[in-house]
Structures are given as C-alpha cells and as structure tokens.
Amino acid sequence: MSPTASPDINLADYIDHTLLNPTATAEAIAQLCEEADKYHFPTVCVYPSRVKAAVGLLHNRNPSVCTVIGFPSGATTSAVKLYEAQEALENGAAELDVVINLGWLKQGDFDAVHQEIAEICSLSDVPVKAILETAVLTDAEKRMAAKLCMEAGVEFLKTSTGWQGGATVEDVRLLKALTQDRIGIKASGGIRTVEQAMALILAGATRLGTSHGVMLVQMREAEGN
C-alpha cells in the first residue's frame with residue numbers, strides 16, 4: 001500500500017500548525033489560529049512572544065497553543081530556558097517544544113542534558129517535546145538523546161527544528177523503536193507533500209510540525225481520502 005493510500009488516517013489530526021517565521025505579524029498569527037480552528041488541527045505552534053495572543057484568539061476553541069523553548073539553537077543557558085518555559089506557561093502555552101543542548105550532548109555531558117530537560121518537565125504537567133535535531137546527530141547520539149529525554153519525563157521526541165535539516169522516515173523509525181510507543185514522536189521540518197506526511201505517520205510519527213498544514217489537508221481531500 002502506498003503512503004497516500006491509507007483512507008483511515010485523518011491527516012488533520014496529526015498537524016501542529018506552525019508559524020515560526022520571526023517576521024510574522026499579528027495578522028499572520030490570527031490567520032494561523034483561524035486555519036487551525038477551521039481544519040481542527042491539534043495545536044498552533046508559535047514563538048513565545050506570540051503565545052498570549054494565540055491563546056486569546058483560540059479561547060473556547062479546540063486547538064491549543066504550543067511554543068518553542070531555546071529555539072532554534074538550544075544553546076541558551078538552562079536558566080534562560082527555564083524562565084522562557086515558565087513565562088510561556090503563565091501566558092497559557094499548553095505544550096512546550098524544547099531544543100536540547102546539542103553541544104553538551106556531543107561532548108558527553110549527559111547529566112547536564114538530562115537535568116535541563118527534567119527541570120522544564122517539572123514545571124507543570126503540560127506535554128514537553130524534546131527537539132533532538134536529528135540531522136546533526138549520529139545514530140549513537142540519537143539513541144543517547146532519546147534515552148536522556150525519556151528519563152527526564154518528556155511526552156514526545158521531536159526530530160528537528162527545521163533549521164538544520166528536516167524529518168526523515170529513517171529517523172522516525174529509529175525513534176519509534178527506541179520509544180516503543182511509550183511516548184509520542186513529532187516529525188518536523190521539510191514536510192511539504194502528502195506522500196511525505198503519510199510516510200512519516202506510517203513510520204510512527206504521532207504529530208507533524210509543518211507550516212504547510214492547510215495545503216497538505218487540501219491535497220489529501222483532493223485525493224478523495
């Protein structure tokens with residue numbers, strides 16, 4: 001069966017409707033929220049400075065508001081990430097996508113990676129997604145990052161920021177094997193076709209981070225599925 005020949009999959013159910021262009025205006029955020037509501041996407045994903053506005057726009061609607069922490073480098077200090085996460089929660093964020101410190105991971109400072117993510121997870125019970133940036137990691141580093149983040153209490157592993165490369169089917173399969181369905185997997189970065197989206201879902205992705213959600217759903221509907 002081809003990836004696009006799976007009529008039981010409702011693509012909209014998987015999409016974190018994303019706008020992480022730093023030049024995005026208030027009007028663009030409003031449009032993002034309207035689209036997420038119209039197409040019944042689980043969330044919108046915006047920068048922390050847009051969380052409060054998005055929460056207000058989506059009040060009494062189904063999509064929730066996700067934001068990014070330490071984005072896109074992951075290299076800010078732990079104190080800065082913790083404050084950024086706390087402020088986002090106070091402003092109504094319902095999910096946090098946190099970029100891990102890649103330099104620490106690569107130099108083997110695993111305790112620091114774990115502690116930073118664990119502290120953010122301990123702030124509240126909202127889902128935390130650890131962004132691994134798989135495009136710049138070896139398979140061994142991906143396995144270690146996944147282990148550390150799962151032990152820290154994340155509810156999702158996320159492949160990418162989209163700034164260093166995008167999601168691949170191979171990475172999603174690896175993360176699925178590592179998580180064994182204990183937590184979710186968010187594939188993100190470079191998802192621009194229905195075929196890509198469906199292949200990632202069939203490989204194990206439970207969320208898709210994309211700024212092309214409306215186009216993907218419309219293309220899926222045009223296929224008659």
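How many helices and how many strands make up the secondary structure of the protein? Here are some notes to read beside the model, which is a predicted one.

1. **The inventory.** The answer to the opening question is nine helices and eight strands.

2. **The overall build.** If you follow the C-alpha trace along its principal axes, it spans about 50 × 40 × 30 Å. Of the 225 residues, 50% count as buried.

3. **Contacts along the chain.** Take the contacts in the protein with a separation of 6 or more: 70% of them are between residues 24 or more positions apart.

4. **The barrel.** Now look for the strands. Eight of them form a closed barrel in the order S1-S2-S3-S4-S5-S6-S7-S8, and the pairing is parallel. From one strand to the next, the twist averages 25°. As background, strands of a sheet pair through backbone hydrogen bonds, and the pairing can be parallel or antiparallel.

5. **One pair to trace by hand.** Strand S2 covers residues 43-46 and strand S3 covers residues 64-69; they pair in the parallel sense over four bridges. Which residue of S3 is the bridge partner of Val 44? It is Val 65. Helix H3, residues 78-90, packs on the sheet and touches both S3 and strand S4 (95-99). The direction of H3 makes about 165° with that of S3.

6. **Helix H1, end to end.** Helix H1 runs over residues 26-39, which is 14 residues. From its first C-alpha to its last it reaches 20 Å, close to the 20 Å expected at 1.5 Å a residue. After H1 comes His 40, with a positive phi near 60°.

7. Which residues of H1 are buried? They are Ile 29, Leu 32, Cys 33, Ala 36 and Tyr 39. These residues lie on the same side of H1 because they cover an arc of only 145° around the axis. Turn to the other side of H1 and you will find Glu 27 and Lys 38, which are exposed.

8. **What covers H1.** Finally, ask what lies over the buried residues of H1.

Definitions and conventions. Residues numbered from 1 in each chain as written. Predicted model: local features only at pLDDT ≥ 70, side-chain atom pairs only at ≥ 80, totals over all residues. Heavy atoms only, no water. Pairing = 2+ DSSP bridges. Helix = DSSP H or I, 4+ residues; strand = E, 2+ residues; numbered from the N terminus. Axes fitted to C-alpha atoms, helices over the stretch in contact; angles between N-to-C directions. Contact = heavy atoms within 4.5 Å. Expected span 1.5 Å × (residues − 1). Buried < 20%, exposed > 50% of the residue type's maximum accessible area, 1.4 Å probe, protein only. Arc of directions from axis to C-beta.
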